[in-house]
Amino acid sequence: MLAPLAPLGPVGVRRMFGKTGCSVTGRSGRAQGGLSDWDDGTMCSAMQLMTLVPILGDQLSPGLSALRAADPGSCVVLMAEVAEEAGYVAHHRKKLAFVFSAMRHFAQELRGLGWRVEYVTLDDPANSGSLSGEVARAVARLSIGRVVATMAAEWRVLDAMRGWEAALGVPVALLEDGRFVCSEARFAAWARGKKQLRMEFFYREMRRETGLLMEGEEPAGGQWNFDAENRKPPKKGVAVPEVARFAPDAVTEAVLALVERRFADRFGDIRPFWFGVTRGDAEAALARFLRAGLPRFGDFQDAMLRGEKFLFHAVIAQYLNCGLLDPLAVCRAAEAEWRAGRAPLAAVEGFVRQILGWREYVRGIYWLKMPEYLEQNALGAVRDLPGFYWSGETAMACVAAVVKQTREEAYAHHIQRLMVTGNFALLAGVDPKQVHEWYLAVYADAYEWVELPNTLGMSQFADGGVLASKPYAASGAYIDRMSDYCGGCRFDVKVKNGAGACPFNYLYWDFLARNRGVLGRNPRLGPVWRTYDGLPEARKAAIAADAAGFLAGLA
Ligand code: FAD
Ligand code: DLZ
Ligand code: SF4
């Protein structure tokens, strides 16, 4: 039987998996349920026309909804390296190489599974330079009758996809991305009517719905949160496991050469290149972390040590975010370590909270608030991003160390991002959009849906408190407690004011004083205001003068 070629919906958007409810519970059944919704399995062969399945650089999952809905016998998969995606921010060179190499390896994986894959490389002379342009070229040259795609993970690209049907003149079905634990509809249902959207309560619902770390109706160990046992200060001499490193194969070497040639002026060291680029690599990296890092993950989650770039972190966000690892499977694997007695509950809960809680929550906030979210600037911050975010040339040892590590690895862990570079930008009043573009560019795991809420919301408080109940602002004392950076710094963390004082110390109070209009009534800042109000007037004047002098120097 031939499938009809009529458009699939009023705007060409069909939420094939658009059921309300957590995708976990229905994951295995959803593909079949969704397929029978609009396709009898023969649509690809309609009138000898083929179905085009475009796959983006962060959709590298064989279980992707568009692939589940298609038949290898009558579909063409399209993957394209394009200048537009490589250039919408100035991505780190290691990130570019990672994305392109993972894409090329995924094309091989799909071919091995029987798919026909059209792969357009960046240096193909016919390459139009954009995803929409490549889809249009493929439709024109390949007898395409319809396009089936999984919705892009970020607003900018999904917006472009929504214009495809009108531009191409063939039906376009955009299917929900089922690779997340919580669908957009499920998150919106949770958020509806709530004054505050706190991650903790969302996370508990996800625990209940997935059954992760649950004992019946109760959280395992009788507590939802083991933070009190986690987050210890760093301990020198602690044996830190090696992060999983993979030698580049011929495919990766070709990509490295391409990126070196085409992006010579971009930020970031491309070599040594050690990221995994296949599903097998990503699974091996996860396995190594589960064995060697997870048991102490919680203990040193917030610690920072010179020379230890990864500590007990998993270093898997780049794999999760491009589709080489599945978030729910990762959480279940961590839970299994606890159930087998190989990792303590506090560590496993801390880890699961990051993925099942924070990762799903920030995605929910992103889709709930976009596109207006991108323009938020609740504190009216307008300063340009200082040049040392790119050069690393600053006397502040903590900032210099994090920028240097970022340049070398396209990686910094959460507290380095939040409490060093993020904290400094917040205290200095840097334009949140510039801060956002920096984070989106420099980390291998950065995609707007996850980076923007973390940067603009959590780190810069530019959403006025949607994501964080108070700004993550801290003086040098926090950095000193959680790191060994201060020992190698020209500034003295114990000195509050004057030439040799740690800039974080006076910038912290100056930030609060400058933003009293917005933050003055924040219930969580009551004790902070009482401390500030109790400072002698001479100290307040010194804070203002030191901050003004320092900030003028940034320009
Ligand atoms: P681990 O510390 O080992 O944590 C395990 C996993 O939990 C991570 O791989 C990640 O998938 C998830 N996770 C942890 N914290 C968060 C969080 N706050 N939000 C979402 N997922 C989380 N994460 C990204 O994946 N992409 C980004 O672009 C990104 N930008 C950030 C920008 C800022 C300003 C801040 C403060 C945080 C940002 N994060 C981002 C969150 C976090 O820093 C990274 O997920 C983490 O550092 C990745 O390293 P890891 O895999 O070793 O994580
Ligand atoms: C990040 C990235 C880069 C650098 N390059 C490409 C590319 O050339 N082709 C592609 O399909 N995807 C790329 N990506 C990932 C996309 O930017 C990502 O799919 C969108 O931002 C949607 O999340
Ligand atoms: Fe950073 Fe201040 Fe410590 Fe120097 S003294 S490393 S600037 S916190």
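Helix axes here are lines fitted to C-alpha atoms over the stretch in contact, and angles between them run from 0 to 180 degrees between N-to-C directions. Keep that in mind while touring this predicted model.

**Stop 1: H4 and H10**

Select residues 93-112, helix H4, and residues 250-262, helix H10. Their axes come within 9 Å and cross at roughly 140 degrees. Angles over 145 degrees count as roughly antiparallel, and 65 to 115 as roughly perpendicular. H4 and H10 are therefore oblique to each other. The crossing of H4 and H10 is right-handed.

Now show side chains. On H4, the contact is made by Arg 93, Leu 96, Ala 97, Phe 100, Ser 101, Arg 104, His 105 and Gln 108. H10 brings Val 251, Thr 252, Ala 254, Val 255, Leu 256, Leu 258, Val 259 and Glu 260. Colour this H4–H10 contact by class: 9 residues are nonpolar, 4 polar and 3 charged.

**Stop 2**

Move to the loop between H10 and helix H11 (279-292), where Pro 272 is found. A cis peptide bond joins Arg 271 to Pro 272, with omega about -5 degrees.

Next, select Met 370 and Pro 371. They too are joined by a cis peptide bond, and omega is about 5 degrees. Pro 371 belongs to the loop between helix H14 (345-369) and helix H15 (388-391).

Then pick Ser 143. This residue is not a glycine, yet its phi is positive, about 50 degrees. Look for Ser 143 in the loop between helix H5 (131-141) and strand E4 (144-150).

**Stop 2: ligand 2**

Centre on ligand 2. It is surrounded by 19 residues. Which of them are closest to ligand 2? They are Asp 58, Ala 80, Val 82, Glu 85 and Glu 154.

- Gly 57: a polar backbone atom is 3.0 Å from an oxygen atom of ligand 2.
- Ala 80: a backbone N or O atom lies 2.7 Å from a nitrogen atom of ligand 2.
- Val 82: a backbone N or O atom lies 2.8 Å from an oxygen atom of ligand 2.

**Stop 3: ligand 1**

Switch to ligand 1, which has 29 residues around it. Those that come nearest are His 313, Ala 314, Val 315, Asn 321 and Tyr 411.

- Val 315: a polar backbone atom is 2.7 Å from an oxygen atom of ligand 1.
- Ile 316: a polar backbone atom is 2.9 Å from an oxygen atom of ligand 1.
- His 414: a polar side-chain atom lies 3.1 Å from an oxygen atom of ligand 1.

**Stop 4: H16 and H17**

Stay with His 414, and select helix H17 (residues 414-428). The axes of H16 and H17 come within 10 Å and cross at roughly 120 degrees. This crossing of H16 and H17 is left-handed.

The H16 side of the contact consists of Cys 398, Val 399, Val 402, Val 403 and Gln 405. The H17 side consists of Gln 416, Val 420, Thr 421 and Phe 424. By class, the contact of H16 with H17 holds 6 nonpolar residues, 3 polar and no charged ones.

**Stop 5**

**Stop 6: H21 and H23**

From H21, Tyr 508, Trp 509, Leu 512 and Ala 513 make the contact. From H23, show Val 528, Trp 529, Thr 531 and Tyr 532. The residues of the H21–H23 contact divide into 7 nonpolar, 1 polar and no charged.

Notes:
Residues numbered from 1 in each chain as written. Chains lettered and ligands numbered in written order. Predicted model: local features only at pLDDT ≥ 70, side-chain atom pairs only at ≥ 80, totals over all residues. Heavy atoms only, no water. Helix = DSSP H or I, 4+ residues; strand = E, 2+ residues; numbered from the N terminus. Parallel < 35°, antiparallel > 145°, perpendicular 65-115°, else oblique. Left-handed = near helix turned anticlockwise from the far one by under 90°. Contact = heavy atoms within 4.5 Å. Nonpolar A, V, L, I, M, F, W, Y, C, P; charged D, E, K, R; others polar. Near = heavy atom within 4 Å. Polar contact = N/O pair within 3.5 Å; in protein donor to acceptor, adjacent residues only side chain to side chain.
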